[in-house]
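I set out to record, entry by entry, what I looked up in this structure.

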Amino acid sequence: MASQPKKKPGKEGKGEAFKAEDVLQAIIIADSFNERFKPITLQTPRALLPVANCPTIEYTLEFLASVGVQEILIFCRAHAEKIRSYIQSHAKWGGKGRRHRSVTVQVIVSEDCYSMGDALREIDAKNLIRGDFILVQGDLVANVDLQPALDAHRQRRTVERNSVMTVVCRQVASRHPARSLEDQVVLTVEPANQRILHFQKSPSGKKIRFPTEVLDNRDDVEIRCDILDCHISICSPQVPPLFTDNFDYLTRDDFISGILEHEEVQGNTIHCFVLQAGYTARISNLHMYDTVSRDIIGRWVYPFCPDLGFPSGAGDVAYIYKRHHIYQQRDVQLAMGSVLEENVVVGRGCVIGENSVVRNSVIGNGCRIGANCVIDGAYIWDGCTVEAECQIQKCVIAGGCWIGRGSVVASGVILSYGVRVGPDARLPVGTRLVGKADFQSITDEAEDSEREGPVFTTNAAEKTILGGSTEPAWRFSLSNGADSDTESDSPGINFEEASWTWWSLANPITVDEEIPEDDSSADEDDAETEPEDEQDIPSSGKPRRPVVKNVKAFIPIEDRRIFFNEISDSLLRAVDSDHEVGSDNIILEINSSKFAYNIAMDDVNKLIIRSILEIPEIRARQRKRELTSAKEVFGEVFHGLKILLPVLRNYYRSELSQMSALTSIVECAVNYVDLPRHQPYGAHLHESVMKIVKYLYDQDILAEEVILKWHRGASDEQVLSFLPFFLHEIASQASPRRRHVSGDLTDEDMTALARKVDLLKAKLEPFIKWLQEAEEESE
Amino acid sequence: MVAEFQAVVLAYGSSSPLEELIPTPKPLLQIGNFPLIYYPLQWLLKNGFNQAIVVVSDSTERDIFTALAPFFENEMALEFVAFPEQEEFGTADALRSLHKKKKLKADLLVLSCDVIADICLQDVANLYRVHDASLTVVYQKALASDVLIPGAKTKKHHDREIIALEPVSNRVILATSEADAEEFLEMPRFLLMRYPRLRVRTALQDAHIYLLKKWVLDYLVAEPAISSVRSELIPKLVRKQHRSKSQKSSQWPTLSQQQQQHPHRQTPSEMTNNHQGEQLDRIAAEDELELLARDMSMWSDHQGDMADTYFGNSIRCYAYLADESFCMRVNTIASFCEANRQVPRILQALLPPNANPKFIHPGVVFQGKSQVGADSMIGEGTTVGDKVSIKKSIIGQNCRIAEKAKISNSVIMDDVTVAENGHVQGSVVCSGAVVGEKSELKDCLVGLRFDIAADCKFTSDTLTDVDQLMEY
């Protein structure tokens, strides 16, 4: 069955119909150039992550072979050798006697590429392209028939040499589960010839705008956001040179936008082809990993199903397919009373213990599941051991993990390779742990972070010990900051991280709190152990309200303080001068300060808004005049915001930054309200919060979704997790009984803070309510 | 259909496209030797209506009545409703007054007196019925802008309408004009989520044929500010479609003090708006049984989500696109000429098959041999001289076309004289005008009783008495 696709009609005939130079080529970009899947990808390339027990790239390769591609170029960067050896060792693709005889697979490695654009420039330099080719990502899972699209492209190319690309999309409903929320496109298309006139990627805001210039000289266009774009592009040979000519094109989306922008000058056009049937999806984040795995199990990707000889992972034995979508290998041992309920894949040599229940899960080869376990929605990769009495929910457990007896693994947990937890571990929602090997590579990388480029530094792997484990495991968190001292605590919702919390994208809570640990077996001999870890922590091991330990890191380090003062000066000058200082200059100043002090973007975003909120107070002091009413305070804030609107527009474009702004406003309001130093200004500011938010909403600085998302998602822990900057002030001023300034906050303080946030939320309630209602109304 | 719809033809004082040339009121302009208002009424007759309300102004009532009497005396019961002429009395005002006079009993088919169409009303009605629409609008193709227009060249910027349609059902999702959209066309995100595929058309014009639910009239009464159906009522209904019903009047309690800061949101009429919203919900409320039936039905107008059919909207506007069949409005000189050119085709379509319309009236006197194209019409009492050539032209009654005159692509009204060797090409010549010997007219408009001396040549000119005075 695995060789079935190549026998598809059309393939046979093509060999004769096309001359030698018409060999159909395909390029797989097998590197995502992002860090989505860290820490799992620290050791394994993303292309080799198992999906339903089969490496991702296998789906992409099979798909390309099935549409008649004869030459496949795999472009890789990270862990390139692993991909190369995978291809060479698999008889199907490499070596002699390969099963897809008509397909040659070539692996191209380039360590210096940091984007898809670089990859295509490299391909152009090596002159590897001979004709039209198909460009896909290495995480594509599809079973569509590309032949009509290829025909349409070739047909068009005979008439229109300048048609450089055909974007292949699948028509889907607007809330189709296989549409990744971060990969939404809105196309404006000319219906007669399917030419793309305008391209928008994940537009934000409550109104989506289309330039009316596409309507000039046209009386009929189509707006389509009912399409799932999974980056299958049929490219003309001009595409790689175009990338070379325009070195600012990083991604395919840049390319499309750029071509459309310069359409009048260069005359190049892009068309689209909308498929009506078949399955396409990209495993672009963990949310999609979950979705696609389910779809494969649900046979939407037929014929690429585990029981049809596909996946041809090691061993090449087909699964047995039973009803309720249960796939299992022949040698799986199911103990008495164990139940495979539905949507389950169980790999070779697995043992499932007595009375265990498995549903909606994939279990890799050679796993051992103990007795009385409940596994629901989990992805457990090869060689894991889950001891008895464990409860595992939607999570990814990479190869070789060991979960001790009686552990509870909550949703969204990610355990990287070789992590050992338990017995009786309690992994709360969203925990990500790495093992020793990963930890090494993280620290190596961090040391190496001097060099240019998007090197990912992480210091976040703090050591934690879970349950009764004797092996160390480290907590891992993603952060885009550069400052390794502050970033693990950089407050705010990180959407990069939010995409990890796939179980509820609508409620992106980054749980950045420490894992409650048992004090029984602190690993004292490890040098990484930080002194804070020695604090008094309840030894219950039960999940409890997160405690923000390690408060020291919350206190702004000197750089941040200086940076804040500098931007405050800049902004104050702008407000004082009343429009005379150009917003461009301000932006320039802020940016240079940012680089000078190496401040993370997220912090910049938060500090700008905070500074603006402080300006009225500073001005009032300078003028030696108190602002006596909330109205007056708002008037002043309003004045400042109005002048700085262009600056705000510059910084708060993305949803992420808007969320930072909003949380920063909330922080200020919550914290100022009873800091004696800021009275009575703080109280008045607190009163005006709704008006400020409303004003920013009206000016399109804050998108409706962001506000609603914040409102939905802002549980008290979350607000606490982006806790301030102010903490030491509160600690020292509000509670004089503090032992030391940098001391940690007690539960009491936390509860008090949470209450304050709730109070503020109640203040915003009318506005939120209005937003929710207005959402539906058209006027 | 008669029981279902009540036909209303609006022949009330809209200005004539030829008002600069001839004082004839618009409904009585001659198109192919029939008064303009004959065409919509004949279309209604063809589609099975045997009665109609004709809204006219006081001053024209008698003329229109007399003009129509010979055609419809035995076939259609025409009820004339006259309103005194007054400024600012729009189409919506007329409907509102009719409603107040309790003349309207069923859903309405409203059309303007200047519509010449041979679209199948059955299809339009079916679109209306299938979706139980509040409003169905017929859109026609706008005339191509490169058509040669007779008369002096005037630079007219034409504002195109932008209409976003749901491609399957042809529901109108958004209606605006190019001038309103300016640089960007803005689309609320939730609308795009609901209707992820939209066809945006710009070359369409409102054909002034509407099917309306009766409650729309109640709405008109409730909103006395609406004066025009096309430019006010329809955009308003299109926008109101997307209101969600469950929404109670949204209060915005604390922000009323901030009006000075947010003028664009806090309109003074905000409270009344809410009030109006509720009122509209009440007016447009659908029959509960029908809602129940729809709720229990498997059918939905959209797919991919679990939302109610029509997203629970009680107001629904649909567009019928008259892409293939003939449909036009005579509201410009260009369309006047075009309509005249198309008359033979239209008459064939509108008249019953056995009517066999006579394009050349039996009373025409031919003095010798002349060429008359099959696509031309000549009215009663006209004399046509020797060696005359007439192509693609409409010639009125009691004209005199002298020897060797050539007329092509033109409209010649009644009592016109074209002297020997006169050439008239692509022009409109109004009643009583005289084209002198050997004069040549190309793409000209000739006003009422205008005299063109011999041996004159005019191209793309408007010739009226006023010009005459100024020139000589």
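My notes on the structure follow.

**Entry 1. Overall view of chain A**

I noted at the outset that this is a predicted model. I then looked up the make-up of chain A, which has 22 helices and 37 strands. Of the 779 residues in chain A, 60% are buried. I also checked the contacts in chain A with a separation of 6 or more, and 62% of them join residues 24 or more positions apart.

**Entry 2. Backbone details in chain A**

I looked up a peptide bond with a cis geometry. Y302(A) and P303(A) are joined by such a bond, with omega at about 10°. P303(A) sits in the loop between α9 (286–297) and β16 (320–322) of chain A.

With a relative accessible area of 26%, H79(A) is partly exposed.

A52(A) is not a glycine either, and its phi is positive at about 50°. I located A52(A) in the loop between β2 (50–51) and β3 (54–55) of chain A. Is A52(A) buried or partly exposed? Its relative accessible area is 1%, so A52(A) is buried.

**Entry 3. The loop between α4 and β6 of chain A**

I turned to G131(A), which lies in the loop between α4 (116–126) and β6 (133–137) of chain A. G131(A) counts as buried because its relative accessibility is 12%, and the cut-off for a buried residue is under 20%. What does G131(A) touch, leaving aside its neighbours within four places in sequence? I found contacts with Q25(A), C235(A) and P237(A). In sequence, G131(A) and P237(A) are 106 residues apart, yet their C-alpha atoms are 5.3 Å apart in space.

I then looked at D132(A), whose side chain meets that of R157(A) in a salt bridge with an N to O distance of 3.9 Å. D132(A) is in the loop between α4 and β6 of chain A and R157(A) is in helix α5 (residues 147–159) of chain A, so the pair ties together parts that are 25 residues apart in sequence. Both ends are buried by their relative accessibility, D132(A) at 17% and R157(A) at 4%.

**Entry 4. Other salt bridges**

I looked up the total over all chains, and the count comes to 37 salt bridges. One of them joins E122(A) to K126(A), with the closest N and O atoms 3.6 Å apart. Why are E122(A) and K126(A) separated by about one helical turn? They are four residues apart in helix α4 of chain A, and this spacing is the reason. E122(A) is partly exposed at a relative accessible area of 24%, and K126(A) is partly exposed at 43% relative accessibility.

I also recorded a salt bridge between the side chains of R218(A) and E190(A), at 3.0 Å from N to O. This pair links distant parts of the chain, 28 residues apart: R218(A) is in the loop between β11 (207–211) and β12 (220–224) of chain A, and E190(A) is in strand β9 (residues 185–190) of chain A. R218(A) and E190(A) are buried.

Finally, I noted a network of salt bridges that links K201(A), D229(A), R252(A) and D253(A).

**Entry 5. Helices and a surface patch in chain B**

I looked up a pair of helices in chain B. Two packed helices are described by the angle between their axes and the distance between the axes. The axes of helix α3 (residues 91–100) of chain B and helix α7 (residues 215–222) of chain B come within 9 Å and cross at roughly 105°. α3(B) and α7(B) are therefore roughly perpendicular to each other. On the α3(B) side the contact is made by A92(B), L95(B), R96(B), H99(B) and K100(B), and on the α7(B) side by L217(B), D218(B), L220(B) and V221(B).

L289(B), L292(B) and M296(B) form one, and together they have about 370 Å² of accessible area. L292(B) is in helix α10 (residues 288–296) of chain B. L292(B) is partly exposed, at a relative accessible area of 47%.

Conventions:
Residues numbered from 1 in each chain as written. Chains lettered and ligands numbered in written order. Predicted model: local features only at pLDDT ≥ 70, side-chain atom pairs only at ≥ 80, totals over all residues. Heavy atoms only, no water. Patch = residues over 30% accessible without salt bridge, like charges linked within 9 Å, V, L, I, M, F, W, Y side chains within 5 Å. Areas by Shrake-Rupley, 256 points an atom, 1.4 Å probe, with all protein chains shown as cover. Salt bridge = Lys/Arg side-chain N within 4 Å of Asp/Glu carboxyl O. Helix = DSSP H or I, 4+ residues; strand = E, 2+ residues; numbered from the N terminus. Buried < 20%, exposed > 50% of the residue type's maximum accessible area, 1.4 Å probe, protein only. Axes fitted to C-alpha atoms, helices over the stretch in contact; angles between N-to-C directions. Parallel < 35°, antiparallel > 145°, perpendicular 65-115°, else oblique. Contact = heavy atoms within 4.5 Å.
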